[in-house]
Amino acid sequence: MFDTLKPQPADKILSLMQAYRADPRDTKVDLGVGVYKDASGNTPVMRAVKEAERRLVADQTTKAYVGLAGDPAFADAMIDLLLADTLPRDRIAAIATPGGTGAIRQALEMVKLAAPGATIWISDPSWPNHASIVKFLGLPMRSYRYFDADTRGVDIDGMIADLGTVAPGDVVLLHGCCHNPTGANPTADQWTRIVATLQQVQAVPLVDVAYQGFGDGLDQDAQATRAIAAAFPNLMIAASCSKNFGIYRERTGILLGITRDKDETALTQANLNFLNRQNYSFPPDHGARVVTTILTDPALRAEWEAELEDTRNTMLTLRQALADDLRRLSNDDRFDFIAHHRGMFSLLGTSADKVEVLRADHGIYMVSDSRMNIAGLNARTVPILAQAIIDAGI
Ligand code: PLP
Ligand code: TYF
């Protein structure tokens with residue numbers, strides 16, 4: 001059987017992670033995979049997570065199965081974090097999933113089940129797994145313009161024009177905040193235009209929220225998602241706890257299906273449970289329980305929010321420092337976009353050849369599309385990167 005297999009395309013982000021690990025240079029700088037790193041290059045377990053895990057180990061009396069949708073308390077806590085009081089609870093169906101990737105996968109499986117002819121619209125560019133999973137499931141796919149290569153901001157007119165051609169019932173995948181890979185995000189006014197356009201064409205939004213709290217703050221980063229949730233009868237939200245709780249390997253995420261009313265919620269919930277059962281039965285529980293413990297304990301939650309806020313501010317400081325150094329070295333403002341971008345990433349907007357020069361000559365690793373993980377920098381490496389960018393003629 002296995003002799004019929006063909007090699008599969010590698011994930012360029014994960015291949016880069018391996019190449020970095022194999023590089024013997026001690027001056028190497030990892031701006032590849034989207035994992036938060038502190039100034040010494042470590043990805044710490046957050047304080048509130050450590051404490052929640054300590055309590056879980058001490059207090060947990062059983063590891064028996066929970067339920068196909070996961071722990072209902074996790075759904076309630078995540079719905080509150082994502083949507084606050086935007087919608088009545090009986091309009092929301094929810095399943096816990098293995099990470100945000102699991103949520104995206106289940107969302108697309110749901111499209112296959114509920115609307116097999118629907119086209120999935122993806123931003124150009126987007127996180128590579130989006131297109132890869134859509135393709136794997138055999139769903140029709142199209143892309144919409146998103147990034148303005150000149151300004152390195154959102155090409156809002158191109159985006160609105162493309163979204164205006166979406167057919168009723170098509171699914172439009174949006175990054176709720178902190179766009180990956182570009183770092184460019186619509187303003188509040190631009191989101192209003194996007195929502196109006198999607199309403200006009202009767203699209204079904206699928207909002208990917210993988211970085212809540214990494215951009216402008218927990219509530220601010222949820223504003224677009226909440227505006228979308230309030231504006232459509234049906235939509236899905238796929239959220240990841242990997243980054244904002246720093247629990248990457250625990251595989252913790254959630255998929256929300258927003259419905260018209262409580263009868264539709266019951267039907268949607270039953271189908272989401274069914275999808276979980278077809279794929280892995282019960283979703284992982286440990287990370288979800290850690291998240292629930294933190295979100296429902298005021299003191300732990302305050303501790304988590306404070307550490308997340310430090311993380312966010314560290315990235316903003318690094319952005320500003322890099323933009324300032326580049327302004328000084330280049331004697332112009334063409335790199336100011338780095339300070340305006342939000343989230344972990346900025347797309348530098350240069351060629352794969354220049355990215356290769358940075359890797360070969362300077363040991364600086366960024367994804368071939370020129371995406372840099374800002375959190376991979378520190379006060380020592382910011383000037384090194386800035387000088388290398390100038391030396392490479394970017
Ligand atoms: N969506 C986007 C845009 C991402 O960048 C990521 C990566 O972390 C995910 C979803 C899902 O991540 P995970 O499956 O690790 O929770
Ligand atoms: O974009 C990133 O770097 C993160 C991590 O298949 C990631 O989202 C990368 C690739 C992948 C899963 C997670």
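Tutor: Helices here are DSSP runs of at least four residues, and strands are runs of at least two. By that count, this predicted model has 14 helices and 11 strands.

Student: Nice! Now, why are H10 and H11 called roughly perpendicular?

Tutor: Angles of 65 to 115 degrees count as roughly perpendicular. The axes of H10 (residues 286-296) and H11 (residues 298-330) cross at roughly 100°, so the two helices are roughly perpendicular to each other.

Student: How do you know that H10 and H11 meet?

Tutor: Contact requires C-beta atoms within 7 Å. Thr293, Ile294 and Leu295 in H10 meet Leu300, Arg301 and Trp304 in H11. By class, that contact holds 4 nonpolar, 1 polar and 1 charged residues. The helix axes themselves come within 5 Å.

Student: And which domains does the assignment give?

Tutor: The assignment gives domain 1 (10-45 + 301-391) and domain 2 (65-296). Their C-alpha centres lie 26 Å apart.

Student: How many residues of each domain are in contact with the other?

Tutor: By the 7 Å cut-off, 26 residues of domain 1 are in contact with 28 of domain 2. On the domain 1 side, H11 gives the largest share, 6 residues. That side has 12 nonpolar, 6 polar and 8 charged residues.

Notes. Residues are numbered from 1 along each chain as its sequence is written. Chains are lettered from A and ligands numbered from 1 in the order in which they are written. This is a predicted model: local features need pLDDT of at least 70, side-chain atom pairs count only at pLDDT 80 or more; totals for chains, interfaces and linings use all residues. Axes are lines fitted to C-alpha atoms, for helices over the stretch in contact, and angles run from 0 to 180 degrees between N-to-C directions. Angles under 35 degrees count as roughly parallel, over 145 as roughly antiparallel, 65 to 115 as roughly perpendicular and the rest as oblique. Two residues are in contact if their C-beta atoms, placed from the backbone, lie within 7 Å. Ala, Val, Leu, Ile, Met, Phe, Trp, Tyr, Cys and Pro count as nonpolar, Asp, Glu, Lys and Arg as charged, and the others, Gly among them, as polar. Domain bounds come from an automatic or database domain assignment.
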